[in-house]
Amino acid sequence: MASCVVCGNDYWMSFEVRTVSGDTYTFDSIECAAQKIAPSCEHCGCRILGHGVEVEGRFFCCAHCARASGSGLGSEIRDTAGAHPG
């Protein structure tokens, strides 16, 4: 068993995540993994669990947040997941 680096739970089904930068973390749940390694939206602060939107090196959870960031970033960005084609 291994302890989760976020909550400290010692769980028999814990798992390891290795990042491109070489860091290794042990988690007991996807929730803890997201809290530790998922980026945060620069506008609303939520964790970006999907593809998100990157504009000029800044990360947002969606096109709305990119547009609402106040600096004019993302004015041409549109969310397409689930968008009606017509």
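Visitor: Which side chains meet Arg18 and Glu16 in a salt bridge, and how do I read that term?

Guide: A salt bridge here is a side-chain nitrogen of Lys or Arg within 4 Å of a carboxyl oxygen of Asp or Glu. In this case the side chains of Arg18 and Glu16 meet each other, at 2.9 Å from N to O. Keep in mind that this is a predicted model, where local features need pLDDT of at least 70, side-chain atom pairs count only at pLDDT 80 or more, and totals for chains, interfaces and linings use all residues. Residues are numbered from 1 along each chain as its sequence is written, and side-chain values use heavy atoms, with hydrogens and water left out.

Visitor: Is Arg18 buried or exposed?

Guide: Buried means under 20% relative accessible area, exposed over 50%, and partly exposed in between (1.4 Å probe, protein chains only). Arg18 is exposed because its relative accessible area is 65%. Glu16, at 47%, counts as partly exposed.

Visitor: How many salt bridges does the rule give?

Guide: The count comes to 2. Besides the pair you asked about, the side chains of Glu42 and Arg58 meet at 2.9 Å, N to O. That pair links distant parts of the chain, 16 residues apart: Glu42 sits in the loop between helix H1 (30–37) and E5, and Arg58 in strand E6 (residues 58–60). Glu42 is partly exposed at 42%, and Arg58 is partly exposed at 25%.

Visitor: Which residues make up the largest nonpolar core?

Guide: First the idea: a nonpolar core is a set of buried Ala, Val, Leu, Ile, Met, Phe, Trp, Tyr and Cys residues joined through side-chain atoms within 4.5 Å. The largest one has 8 residues here: Cys41, Ile48, Val53, Val55, Phe60, Cys62, Cys65 and Ala66.

Visitor: What does Cys65 touch?

Guide: Contact means heavy atoms within 4.5 Å. Leaving out residues up to four places away in sequence, Cys65 touches Cys41, His43, Cys44 and Phe60.

Visitor: And where is Thr26 found?

Guide: Look in strand E4 (residues 24–27). Thr26 counts as buried because its relative accessible area is 15%. Not counting residues up to four places away in sequence, Thr26 touches Ala2, Ser3, Cys4, Val5, Ser14, Phe15 and Glu16.

Visitor: What is there to read in the phi of Glu56?

Guide: Most residues other than glycine have a negative phi. Glu56 has a positive value, near 50°. Glu56 is found in the loop between E5 and E6, and at 69% relative accessibility Glu56 counts as exposed.

Visitor: Taking the chain as a whole, what share of the 86 residues is buried?

Guide: Buried residues make up 24% of them. As for contacts with a separation of 6 or more, residues 24 or more positions apart account for 10%.

Notes: Helices (H or I, at least four residues) and strands (E, at least two) are DSSP runs, numbered from the N terminus.
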